[in-house]
Amino acid sequence: MEFEVTRSMWAILRAVQPTLPADQSHVTWGADLRLPIQKVTWFESLLFANLLSLQQGLTRCYYTNAACTVPLDSTNYTSGPYYCNWDANGYRLPTEGEREYFCRAGTTSPYWIDEPNYSLSTCYYCPPNPQLAALNTADWTCGNSGSRTQPVGYRLANPWNLSDVHGNVAEWCWDWYGDYPAGDQIDYPGPDTGTIRTIRGGSWYQPSGAARSAYRCYYQPDGRCYDVGFRLVRNAP
């Protein structure tokens, strides 16, 4: 998705798929429908993905059995277990590797945009920082966000035309949080087990250092945090 899932997108889908739970976003940190949804659980992001796939006539990605014959829906989305049909053409969360890949958009620097003043001394505090002039055209973090979410798409998009990959809300990934495996990996879906899920991208609440392309974070899958949302992906045709 070009943008993080917004409160408007959630409302539109819920109007036609009423089993989607109500938007729990806290209005203190963003009441406008153009803002990314926040306080959404990992479980709810999977349900949203399946309902959006169903609404658009696509094959759902998420199931509660390994044979992928029992779709995840409003009756089972909080109880699991959770399996992904990686060959389905519907919507899903990105893996952690996919999230870093599309955030970088072919770049190898700390952010997709070149920020010559990036350092440990400039990127880990929250007062407005004019030294990070280049980065501030592309991110929403605690130094420039006004202590709240911001409408999607108001910062420069990366070379693949994806907006808000640095900040605004941090984004859920599919993976359990754990150590990276040794050696090169292709299409790695994360550890087989775990207790917390990976989050990427940094947020309006965090310093710019937490929005780096490689920065990792985590949260309980049932947790509701005022700076965590998501965006979805689909397999390329």
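1. Helices (H or I, at least four residues) and strands (E, at least two) are DSSP runs, numbered from the N terminus. Helix H3 covers residues 96-104 and holds both Arg104 and Glu100, which sit 4 residues apart, about one turn of the helix. The model is a predicted one, so local features need pLDDT of at least 70 and side-chain atom pairs count only at pLDDT 80 or more, while totals for chains, interfaces and linings use all residues. Residues are numbered from 1 along each chain as its sequence is written, and side-chain values use heavy atoms, with hydrogens and water left out.

2. Salt bridges come next. A salt bridge is a side-chain nitrogen of Lys or Arg within 4 Å of a carboxyl oxygen of Asp or Glu. The whole structure has 10 salt bridges. One of them joins the side chains of Arg104 and Glu100, at 2.9 Å from N to O. Both Arg104 and Glu100 are buried, where buried means under 20% relative accessible area, exposed over 50%, and partly exposed in between (1.4 Å probe, protein chains only).

3. Arg231 and Glu171 form a salt bridge with their closest N and O atoms 2.9 Å apart. Arg231 is in the segment after strand E8 (228-229) and Glu171 is in strand E5, so this pair ties together parts that are 60 residues apart in sequence. Arg231 and Glu171 are both buried. Elsewhere, salt bridges with shared partners join Glu96, Glu100, Arg104, Arg200 and Arg216 into one network.

4. The pair Arg34 and Asp32 also meets in a salt bridge, at 2.8 Å from N to O. Arg34 is partly exposed, at 43% relative accessibility. Asp32 is partly exposed as well, at 32%.

5. Arg197 belongs to strand E6 (residues 197-200). Its side chain reaches the backbone oxygen of Trp174 at 2.7 Å. This is a polar contact (a pair of N or O atoms within 3.5 Å; within protein, one must be able to donate a hydrogen and the other to accept it, and residues adjacent in sequence count only if both atoms are side-chain atoms).

6. Arg197 also lines the second largest pocket, as do Trp174, Pro81 and Cys84, among others. A pocket is an open set of points on a 1 Å grid over the protein atoms alone, with protein on both sides within 12 Å along at least five of seven lines; a cavity is a set where a 1.4 Å probe fits but cannot get out, and lining residues have an atom within 4 Å of a point. The second largest pocket holds about 230 Å³, a volume being the space filled by probe spheres set on the points, which are joined across faces, edges and corners. Its lining has 9 nonpolar, 1 polar and 2 charged residues. Here Ala, Val, Leu, Ile, Met, Phe, Trp, Tyr, Cys and Pro count as nonpolar, Asp, Glu, Lys and Arg as charged, and the others, Gly among them, as polar. Strands E2 (83-84) and E5 (170-176) each supply at least two lining residues.

7. The largest pocket has a volume of about 320 Å³. Its lining numbers 14 residues, with Thr95, Ile186, Asp187, Tyr188 and Pro189 nearest its centre.

8. How many cavities of 30 Å³ or more does a search of the whole structure find? There are 2. The largest cavity has about 70 Å³ of space, and its lining has 4 nonpolar, 7 polar and no charged residues. The second largest cavity is about 40 Å³ in volume, and its lining has 4 nonpolar, 1 polar and 4 charged residues.

9. Last, the backbone. Most residues other than glycine have a negative phi, and most peptide bonds are trans. The bond from Gly80 to Pro81 is cis, with omega near -5 degrees, and Pro81 is in the loop between strands E1 (62-63) and E2. Cys68, in the loop between E1 and E2, has a positive phi of about 55 degrees. Ser147 has a positive phi near 60 degrees.
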